[in-house]
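Reader: Please take one part of this structure and go through it closely, with cut-offs spelled out. I would rather have one connected account than a list.

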Amino acid sequence: MNLRVLGRRVLIKPDPNEYVGVSSKVKESLKSGLLVLPETSEAEIRKVSNTGTVIGIGQECKYVKVGEKVLYARFSFEKVEDCTNSLILVNEDDIHAVILA
């Protein structure tokens, strides 16, 4: 899919989702499918990553550049998906920080 990002929007490839706030033993059980949890509990454990790499910017963006790793607002984005990629589109104002290291 070819996209031209407009305005102050930023196209980001999110980092892979991770299990946050649980022990490594529970993480392995969740990944292997050995631990059965109700859907609500699993949804609470499976936190969406809120970091990613900028792959496209609109012509009005001032603070981020393509290739930078950023920290963005967890629930203020639009998903853009095709058969091979899962990307997100956020307003530049919803990017909290550029990760330097």
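Author: Two strands are taken to pair if DSSP finds at least two bridges between them. The strands themselves (E, at least two residues) and the helices (H or I, at least four residues) are DSSP runs, numbered from the N terminus. This is a predicted model, in which local features need pLDDT of at least 70 and side-chain atom pairs count only at pLDDT 80 or more, while totals for chains, interfaces and linings use all residues. Residues are numbered from 1 along each chain as its sequence is written, and side-chain values use heavy atoms, with hydrogens and water left out.

First, the setting. The chain has 2 helices and 8 strands, and from the N terminus on they run β-β-α-α-β-β-β-β-β-β. An open sheet takes in 6 strands, in the order E6-E7-E1-E4-E5-E8 with antiparallel pairing. Strand E6 (78-81) and strand E8 (95-99) are its edges, as each pairs on one side only. From one strand to the next the twist averages 40°; the axes behind such angles are lines fitted to C-alpha atoms (for helices, over the stretch in contact), and angles run from 0 to 180 degrees between N-to-C directions.

E6 and E7 run antiparallel and are joined by 4 bridges; Glu81 stands opposite Ser86 in E7. E7 is also joined to E1, again by 4 bridges and antiparallel, and here Arg9 has Asn91 in E7 opposite. Gly52 in E4 is the bridge partner of Pro14.

Strand E4 also holds Val54. Val54 counts as buried because its relative accessibility is 1%; buried means under 20% relative accessible area, exposed over 50%, and partly exposed in between (1.4 Å probe, protein chains only). Val54 and Ile12 lie 42 residues apart in sequence, yet their C-alpha atoms are 4.5 Å apart. Leaving aside residues up to four places away in sequence, Val54 touches Val10, Leu11, Ile12, Lys65, Val66, Gly67, Glu68 and Val70, a contact being heavy atoms within 4.5 Å.

Val54 belongs to the largest nonpolar core, whose 10 residues are Val10, Ile12, Val54, Cys61, Val64, Val70, Tyr72, Ile88, Val90 and Ile95. Such a core is a set of buried Ala, Val, Leu, Ile, Met, Phe, Trp, Tyr and Cys residues joined through side-chain atoms within 4.5 Å. Strand E1 (9-14), strand E5 (69-72) and strand E7 (86-91) each give two or more residues to this core. In soluble globular proteins, nonpolar side chains tend to be buried together.

Tyr72 leads on to the aromatic rings. Rings of Phe, Tyr and Trp (its six-membered ring) pair if their centres lie within 6.5 Å; planes under 30 degrees apart count as stacked, over 60 as edge-to-face and the rest as tilted. The count is 1 aromatic pair: Tyr72 and Phe77, edge-to-face at 6.1 Å centre to centre, with 90° between the planes. Tyr72 has a relative accessible area of 1% and is therefore buried, whereas Phe77, at 26%, counts as partly exposed.

For the chain as a whole, 27% of the 101 residues count as buried. Of the contacts with a separation of 6 or more, 66% link residues 24 or more positions apart.
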